[in-house]
Amino acid sequence: MMFPAISSCKVIIDNVKITRKNGYNNEIKNVKLNVDDKICENFDDLSNLKIGIDKSQTPNCKITSENAIENNSLYIESSGQYKCLFINKGIEYEANATYKVTFTYKVTSLIDTLYFQLNNGSDTIYKQFGSENELNKICSFEFEFTIKNNTNYVIQIFPGQKSGISKLYIDNLVIKRIK
């Protein structure tokens with residue numbers, strides 16, 4: 001069978017979706033935020049995860065709908081003694097810039113105070129959260145901080161040094177540059 005020659009051709013492509021196969025990989029490129037820019041992560045779609053999660057110190061960390069705050073939540077189970085979750089990609093922090101972090105959380109087991117921390121190896125910025133009074137309740141976390149220098153900071157979320165199991169769910173994580 002012979003086809004006639006075509007002098008021109010038009011192709012229309014619509015509804016293309018490009019996804020990443022593994023939501024826990026480290027292929028996420030850092031984003032530099034301008035004032036009022038933000039990164040929002042609701043953990044609903046692993047293929048569109050905006051942050052990189054390093055599970056090396058907290059192997060029992062997953063995104064789940066079981067017992068979640070909304071749809072899916074990031075579940076963290078830690079045996080304490082500063083074993084933490086690292087969120088190691090997503091934002092390129094700028095020196096002297098101020099950021100605001102908010103998220104919702106639910107603690108179902110607590111052995112020690114929980115920490116939200118930014119760390120670059122020489123500088124640590126942190127805020128404590130979580131208490132026995134908050135068990136099984138949906139709570140809000142808010143933290144404003146100013147970066148001293150623009151080296152690579154990672155976010156760490158972890159319970160303090162006591163031994164035992166802490167379990168928490170995090171959702172609706174927003175990191176916004178405010179100054």
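Which residues does Thr 104 touch, not counting residues up to four places away in sequence?

A: A word on the source comes before the details. This is a predicted model, in which local features need pLDDT of at least 70, side-chain atom pairs count only at pLDDT 80 or more, and totals for chains, interfaces and linings use all residues. Residues are numbered from 1 along each chain as its sequence is written, and side-chain values use heavy atoms, with hydrogens and water left out.

Beyond four places in sequence, Thr 104 touches Ile 69, Ile 138, Cys 139, Ser 140, Tyr 169, Ile 170, Asp 171 and Asn 172, where contact means heavy atoms within 4.5 Å. Thr 104 lies in strand S8, strands (E, at least two residues) being DSSP runs numbered from the N terminus. With a relative accessible area of 18%, Thr 104 is buried; buried means under 20% relative accessible area, exposed over 50%, and partly exposed in between, with a 1.4 Å probe and protein chains only. The Thr 104 side chain also makes a polar contact with the side chain of Asn 172, at 3.4 Å; such a contact is a pair of N or O atoms within 3.5 Å, of which, within protein, one must be able to donate a hydrogen and the other to accept it, and residues adjacent in sequence count only if both atoms are side-chain atoms.

Strand S8 (residues 98-109) pairs with S11 in the antiparallel sense over 9 bridges, pairing being assigned if DSSP finds at least two bridges between two strands. Within S11, Ile 138 is the bridge partner of Lys 106. The covered face of S11 holds Cys 139, Phe 141, Phe 143 and Phe 145, whereas Ile 138, Ser 140, Glu 142, Glu 144 and Thr 146 form the uncovered one. Cys 139 counts as buried because its relative accessibility is 12%.

As for confidence, pLDDT is the predictor's confidence in each residue, from 0 to 100; the chain has a mean of 75, and confidence is highest in strand S11 (residues 138-146), at 94.

Key: Helices (H or I, at least four residues) and strands (E, at least two) are DSSP runs, numbered from the N terminus.
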